[in-house]
Amino acid sequence: MENINPQIEESWKELLSEQFKADYFKKLKEFLVREKKEYTVYPPGNKIFAAFEHTPFDNLKVVILGQDPYHGAGQAHGLCFSVPDGISKPPSLQNIFKEINNDMGLPIPASGNLEKWAKQGVLLLNATLTVRANRAGSHQGQGWETFTDEVIRTISKNKESVVFLLWGNYAQAKEVLIDTTKHHVLKAPHPSPLSVSRGFFGCKHFSKTNILLTNAGKHAIDWYIS
């Protein structure tokens, strides 16, 4: 964890440099060092900041906010809701693809890897960036939320007309960090099987996002995954 700072993309490193020096972040690093000595931690160290690597600040147009990385072997690779090629799609991701199929008419993909979205400017940000294997929520309250809240504030302050997709109560609680006079917030229930039928299905967030981007003079997102 000593090289935690250099592993984040340069534009983000500059914007967030004060966070890496803050006391809470030093404590977070110490916590992660201890955890890694005793447990398996996901995602791998070189993937913790993958969302930032794939979506440099200047490219950012959309934010999708998740809560925790997946905690099963091979699933987490630093992008919320996404899994690497060859890994089974978790239920929430399957439901996201079903909604894209209903909304945009796109076929449901074989892969659950969302890197293609990230490279187009969709920041796939979890509120907590690490997790202990097989223990959902195990790294909450250790400092990651302070960091990712600052990421959201930084985007809100320094960008214009970003579309924030807030799914479920946890993500929607972050709306207070966003200047809604200059950004767009789309809200829906979480795509998990427990809540998907309460309004995630039919929310049409993917087509709505593209309309908002186009109206702001930005390129629409190609949501197609092969």
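Modeller: The mean positions of the 26 positive and 23 negative charges of the chain lie 3 Å apart, where Lys and Arg count as positive and Asp and Glu as negative, leaving out His and the chain ends, and each charge is placed at NZ of Lys, CZ of Arg, CG of Asp or CD of Glu. This is a predicted model, in which local features need pLDDT of at least 70 and side-chain atom pairs count only at pLDDT 80 or more, while totals for chains, interfaces and linings use all residues. Residues are numbered from 1 along each chain as its sequence is written, and side-chain values use heavy atoms, with hydrogens and water left out.

Biologist: What radius of gyration does the chain have, and why does it agree with a compact globule?

Modeller: The radius is taken over C-alpha atoms, and the globule rule is 2.2 Å times the number of residues to the power 0.38. For 226 residues a compact globule would come near 17 Å, and because the chain agrees with that expectation, the value is 17 Å.

Biologist: How many of the 226 residues, as a percentage, count as buried?

Modeller: Buried means under 20% relative accessible area, exposed means over 50%, and partly exposed lies in between, with a 1.4 Å probe and protein chains only. By that criterion the buried share of the chain is 54%.

Biologist: What end-to-end distance does helix α7 have?

Modeller: Helices are DSSP runs of H or I with at least four residues, strands are runs of E with at least two, and both are numbered from the N terminus. The expected span is 1.5 Å times one less than the number of residues. Helix α7 covers residues 144-158, so its 15 residues should span 21 Å, and the distance between its end C-alpha atoms agrees at 21 Å.

Biologist: Is W12 buried or exposed?

Modeller: W12 sits in helix α1, residues 10-15. Contact means heavy atoms within 4.5 Å, and, leaving aside residues up to four places away in sequence, W12 touches partners including F52, P56, F57, V151 and I155. Both V151 and I155 are among the buried residues of α7. With a relative accessible area of 0%, W12 is therefore buried.

Biologist: Which elements do the buried residues of α9 pack against?

Modeller: Helix α9 spans residues 205-215, and its buried residues are H205, F206, S207, T209, N210 and L213. After the helix comes G217, with a positive phi near 80°. The elements against which the buried residues of α9 pack are β2 (62-66), α5 (91-104), α6 (115-119), β5 (163-167) and β6 (184-188).
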